Amino acid sequence: RPPGHLSTDESRELVTELLESVPTATPDMARLIADESGGSPFFIDELVRSLRLADEAAVREAARRGAEDSDARELNIPDLLRLRLARLDADSHTLLRLVAIHRQPTPAAVLRRAAAAVDYDATVAKLLSEHLVRRRETKQGEELEIYHDRLADGVVALIDEEGQRELHAVLAAALEGFEESDDELVADHLIAAGVEDRGATYLVRAADAAAKALAFDRAARLYRRALSFGDEGNVRDAIRRKLGDVLGNAGRGRESAMEYLAVKAADFADELELKRKAAQQLLFSGHVDEGLSVVRMILALTGVPFPETRRDTIAALIKARLKL
């Protein structure tokens with residue numbers, strides 16, 4: 001289990017102890033909280049707090065109805081989180097959702113831009129006091145992150161699809177104006193917001209930077225992601241050319257050759273060059289038969305016969321030598 005996390009038995013023991021202050025809690029609810037917490041003491045505490053709030057609300061409702069039993073024991077984990085978050089004001093909701101949907105430490109400069117209408121300092125202080133986010137200082141400045149991954153999952157699960165797209169769009173716009181932002185991260189938010197064409201553009205930018213830094217495998221992964229979103233045509237062919245180059249540099253010759261062969265050539269000279277690159281990658285990577293097949297295609301295009309025998313090869317060499 002991760003460092004600092006409890007075993008299943010330890011989790012249930014802690015939950016049982018904490019639930020002593022919740023009169024309506026049941027053994028089933030204790031087991032549910034222990035199992036859903038993933039062994040995180042923090043998340044256990046947050047869920048128990050939520051259950052305590054739910055219990056108080058249910059008792060008030062029961063008193064209003066004149067009933068003896070409460071509905072708190074029927075609550076599930078999403079219900080508990082919903083009640084926990086219901087205590088927050090609108091600004092806190094906005095900022096917490098942005099941090100949760102970002103899924104990683106978020107620079108304060110980005111959050112200030114994304115939530116321009118929010119009183120940032122006061123809202124952060126409230127979220128910190130509620131143990132919902134953590135603040136840390138880096139060389140680039142202050143960053144905020146969700147207190148626990150399970151809490152982030154719970155917050156995001158309470159946002160409908162349209163709301164999630166809007167949050168991704170807001171974060172993408174904020175990151176685009178942030179000098180330190182990662183192009184792949186901007187692309188992730190744009191794609192999640194439904195703006196796939198612009199997302200593909202940022203993926204290509206990130207891949208170009210990776211290729212320049214000699215991170216060829218990462219560049220190949222990013223180019224392939226861009227291809228999955230890019231339109232057919234010249235843009236797609238340009239990406240394939242770059243993908244062929246980085247795959248060749250990464251020593252993945254056959255994959256590189258397949259990309260070159262999939263490109264629609266601009267003219268006859270370009271077609272010869274693409275096939276030459278493909279043949280080279282195939283031969284260098286040990287795929288001799290496939291490489292020779294491409295060589296035959298090149299020679300056929302230029303009207304030069306392929307020497308099938310040793311005698312033909314020697315004759316071709318002599319002819320070339322005499323020509324020189």
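Contact here means heavy atoms within 4.5 Å. This is a predicted model in which local features need pLDDT of at least 70 and side-chain atom pairs count only at pLDDT 80 or more, while totals for chains, interfaces and linings use all residues. Residues are numbered from 1 along each chain as its sequence is written, and side-chain values use heavy atoms, with hydrogens and water left out.

**View 1. The whole chain, by the numbers.** Take the contacts between residues at least 6 apart in sequence: 56% of them join residues at least 24 apart. Of the 324 residues, 39% are buried (under 20% relative accessible area with a 1.4 Å probe, protein chains only; exposed is over 50%, and partly exposed lies in between).

**View 2. Helix H10 against helix H11.** H10 covers residues 183-192 and H11 covers residues 196-212; they pack at an angle of about 165°, with axes 8 Å apart. The axes are lines fitted to C-alpha atoms over the stretch in contact, and angles run from 0 to 180 degrees between N-to-C directions. H10 and H11 are therefore roughly antiparallel (that label needs an angle over 145 degrees). Their crossing is left-handed, as the near helix is turned anticlockwise from the far one by less than a right angle. On the H10 side, look for Asp183, Glu184, Val186, Ala187, Leu190 and Ile191, which meet Glu196, Arg198, Gly199, Tyr202, Leu203, Arg205 and Ala206 of H11. Sorted by class, this contact has seven nonpolar, one polar and five charged residues. Nonpolar covers Ala, Val, Leu, Ile, Met, Phe, Trp, Tyr, Cys and Pro, charged covers Asp, Glu, Lys and Arg, and the others, Gly among them, are polar.

View 3. Strand E2 (residues 133-138) runs antiparallel to E3, with six bridges between them. A hairpin of two residues links E2 to E3. Arg134 sits opposite Glu145 in E3. Strand E1 (residues 106-107) is also antiparallel to E3 (residues 141-146), joined by two bridges; strands pair if DSSP finds at least two. Thr106 has Leu144 as its bridge partner in E3.

**View 4. Glu259 and its neighbours.** Glu259 belongs to helix H14 (residues 253-262). With a relative accessible area of 9%, Glu259 is buried. Leaving out residues up to four places away in sequence, Glu259 touches Arg224, Leu227, Arg240, Leu243, Gly244 and Leu247.

How values were computed. Helices (H or I, at least four residues) and strands (E, at least two) are DSSP runs, numbered from the N terminus. Angles under 35 degrees count as roughly parallel, over 145 as roughly antiparallel, 65 to 115 as roughly perpendicular and the rest as oblique.
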